[in-house]
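This report describes a single protein chain, with its confidence, its secondary structure and selected residues taken in turn. The sequence and model are shown first.

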Amino acid sequence: MLETKGKQTTIYLLFSLMIFMLVTNSSSTTESRAIPEYVRELPKALKGVCKVCHVRASGGPLNSYGDDFESSGRRTSALNDLDSDADGFSNAEELAAGSLPGDQDSTPTSKNKGINLYLLMGGASVLLIIASVAFRARNPPDS
Ligand SMILES: [Ca+2]
């Protein structure tokens, strides 16, 4: 029975590590798909957040800010004074606050800000790994 417990912990640890590696790989893939010149101009909190320019967290069609970005010839400086999602805040205000300039439900004063889902999942995976190591340390398998 204790041997089974040790195997379960090992499998759990390997599964957690696999999730972490998948999430880490997904994050770098996401950033590499975005337009590099534009990603460099984004505040750190919004790097890798597809919903800055797209309607879904996984990308997909452009939102109003993404459309304005394309229309402006991909010049972010031309977008700062615009309010692409018509929520009462300029795009510059939104980016500075970490909210989404193409999502009307995300404003500098709302709780619905741009969250890097991949970083969140990566953080959760790391916590899972630490928890499983701690669990194993407290319940060592009998040899
Ligand atoms: Ca917004």
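In which helix of the protein is confidence lowest, and in which is it highest?

## Model and confidence

Confidence is lowest in helix α1 (residues 2-33), with a mean of 65, and highest in helix α3 (residues 64-71), at 94. These values are pLDDT, the predictor's confidence in each residue on a scale from 0 to 100. The stretch of residues 27-32 has pLDDT below 50, and beyond near neighbours in sequence it has ten contacts in the model; two residues are in contact if their C-beta atoms, placed from the backbone, lie within 7 Å. For the protein, the mean pLDDT is 81, and 83% of the residues reach 70 or more.

The model is predicted: local features need pLDDT of at least 70, side-chain atom pairs count only at pLDDT 80 or more, and totals for chains, interfaces and linings use all residues. Residues are numbered from 1 along each chain as its sequence is written.

## Secondary structure and contacts

The protein contains five helices and two strands, arranged along the sequence as α-α-β-β-α-α-α. Helices (H or I, at least four residues) and strands (E, at least two) are DSSP runs, numbered from the N terminus.

Of the contacts in the protein with a separation of 6 or more, 43% are between residues 24 or more positions apart. Buried residues account for 23% of the 143 residues; a residue is buried if 20 or more other C-beta atoms lie within 10 Å of its own, exposed if 12 or fewer, and partly exposed in between, with C-beta atoms placed from the backbone.

His 54 has Leu 62 in β2 as its bridge partner.

Lys 51 is located in the loop between α2 (36-41) and β1. Lys 51 counts as buried because it has 24 C-beta neighbours inside 10 Å. From C-alpha to C-alpha, Lys 51 is 9.9 Å from Ser 99, although 48 residues separate them in sequence.

Arg 74 lies in the loop between α3 and α4 (91-97). Although not a glycine, Arg 74 has a positive phi of about 60°. Arg 74 counts as exposed because it has 12 C-beta neighbours inside 10 Å.

Ala 86 also belongs to the loop between α3 and α4. This residue is not a glycine, yet its phi is positive, at about 55°. With 9 other C-beta atoms within 10 Å, Ala 86 is exposed.

Methods: Pairing = 2+ DSSP bridges.
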